[in-house]
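Please look through the structure shown here together with its sequence. The notes that go with it are meant to be read alongside both.

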Amino acid sequence: MTNQIKIPVLMYHALVEKRTAQLNRVHITVELFKQQMEWLAAKGYQAVTIDDMLKNFTAKKTTQKYCVITFDDGYLSLYKYALPLLKQYEFAATLYLSTAAVGENDFKNLPGLNPKTLPLNDKPLSWDEIKEMSNNGWAIESHSVSHADNSQLSATQLVHEITESKKIIEQQLQKPVLHYAFPFGKYNAASLKIIKDAGYKTAATVHAGLCTSKNNLYRLPRLEMNADDSVSSFIKKIETGFISPKEKLRSSARNILFSNPKVKDLSKRIFKKGIN
């Protein structure tokens, strides 16, 4: 009997040379990122794309340690810092791209992002930079058009955010876009249906946990890497999928409650209105 394959999917955002007080904790220093990649390489991990992860589940390979390195939004710092470092280790990566900001001087076209918490000296990637990343082993996937909260949009808005971003990336790169990441990790039954109808094979959340072949492919867990991570917490996330037993318990309860998206949506409406 073979052991079930468990693969950590790491979630990053921007990389900065030095953190400042206003920065959202998801933007980590280049040095911290470098230390984490060095640890993965030293421990024999092979970084693969989401597509390759799914193939490994199907093939039931257990001899190699795999991880998936993902980045959200589309920051120039990824081209500047992450691209050369990952190339050094022959690590593949996945960029979940919000298309409205590409080529702009700032992130104003992604109104859901708070500019006060973004890196001061960063900006969106250009299509030329994204194409170079794609040619160097990066899978460029969709993170919607404008990074809007998918759980708060109308059906028409959802179709635009989910399908237009896919179309734009495919036109620019001439490669299929088959994977999606929910902005802010927010989703509902309507967004899940539209994602499936649009032809995506997976959708990534911000739920903790390791990926296995038993996961719902449209609610894949990811491990948030942030400025609070120590070496020990990073290792714990990679090896177990959770920062603590309490987080694991919360995750298990959430997975049971949200296994049916319609139940998830109903529970949110009830708690929002309050129970008399």
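## Basis of the model

This is a predicted model, in which local features need pLDDT of at least 70 and side-chain atom pairs count only at pLDDT 80 or more, while totals for chains, interfaces and linings use all residues. Residues are numbered from 1 along each chain as its sequence is written, and side-chain values use heavy atoms, with hydrogens and water left out.

Helices (H or I, at least four residues) and strands (E, at least two) are DSSP runs, numbered from the N terminus. Strand S1 covers residues 9–12, with Val9 and Met11 pointing one way and Leu10 and Tyr12 the other way, and all are buried; buried means under 20% relative accessible area, exposed over 50%, and partly exposed in between, with a 1.4 Å probe and protein chains only. In a regular strand the side chains alternate between the two faces of the sheet.

Two strands pair if DSSP finds at least two bridges between them. S1 runs parallel to S5, to which 4 bridges join it, and S1 also runs parallel to S10, with 2 bridges. Leucine 10 takes part on both sides, standing opposite isoleucine 69 in S5 and having leucine 223 as its bridge partner in S10.

## Helix H1

Helix H1 (residues 30–42) has 13 residues and reaches 18 Å from its first C-alpha to its last, close to the 18 Å expected at 1.5 Å a residue, where the expected span is 1.5 Å times one less than the number of residues. The buried residues of H1 include Val30, Phe33, Met37 and Leu40, and just after H1, glycine 44 takes a positive phi of about 85°.

## Nonpolar cores

A nonpolar core is a set of buried Ala, Val, Leu, Ile, Met, Phe, Trp, Tyr and Cys residues joined through side-chain atoms within 4.5 Å. The largest has 59 residues, and those with the most contacts inside it are Tyr12, Phe33, Met37, Leu40, Phe71 and Trp138. Helix H3 (residues 76–88) gives the most to this core, with 7 residues.

Phenylalanine 71 touches, among others, Tyr12, Phe33, Leu78 and Trp138, not counting residues up to four places away in sequence; contact here means heavy atoms within 4.5 Å. A second, separate core of 15 residues includes Ile7, Ile50, Tyr96 and Cys211.

## Charged and polar pairs

The structure holds 9 salt bridges, each defined as a side-chain nitrogen of Lys or Arg within 4 Å of a carboxyl oxygen of Asp or Glu. One of them joins arginine 25 and aspartate 228 (2.9 Å, N to O), and this pair links distant parts of the chain, 203 residues apart. Arginine 25 is partly exposed at 40% relative accessible area, whereas aspartate 228 counts as exposed at 55%. Another salt bridge joins arginine 222 and aspartate 72 (2.8 Å, N to O), which lie 150 residues apart; arginine 222 is buried at 1% and aspartate 72 is buried at 2%.

Lysine 193 and aspartate 197, both exposed, meet in a salt bridge of 2.7 Å, N to O. Because they are 4 residues apart in helix H6 (residues 189–197), about one helical turn separates them. Histidine 207, in the loop between strands S9 and S10, is buried at 11% relative accessible area, and its side chain makes a polar contact of 3.1 Å with that of tyrosine 187. A polar contact is a pair of N or O atoms within 3.5 Å; within protein, one must be able to donate a hydrogen and the other to accept it, and residues adjacent in sequence count only if both atoms are side-chain atoms.
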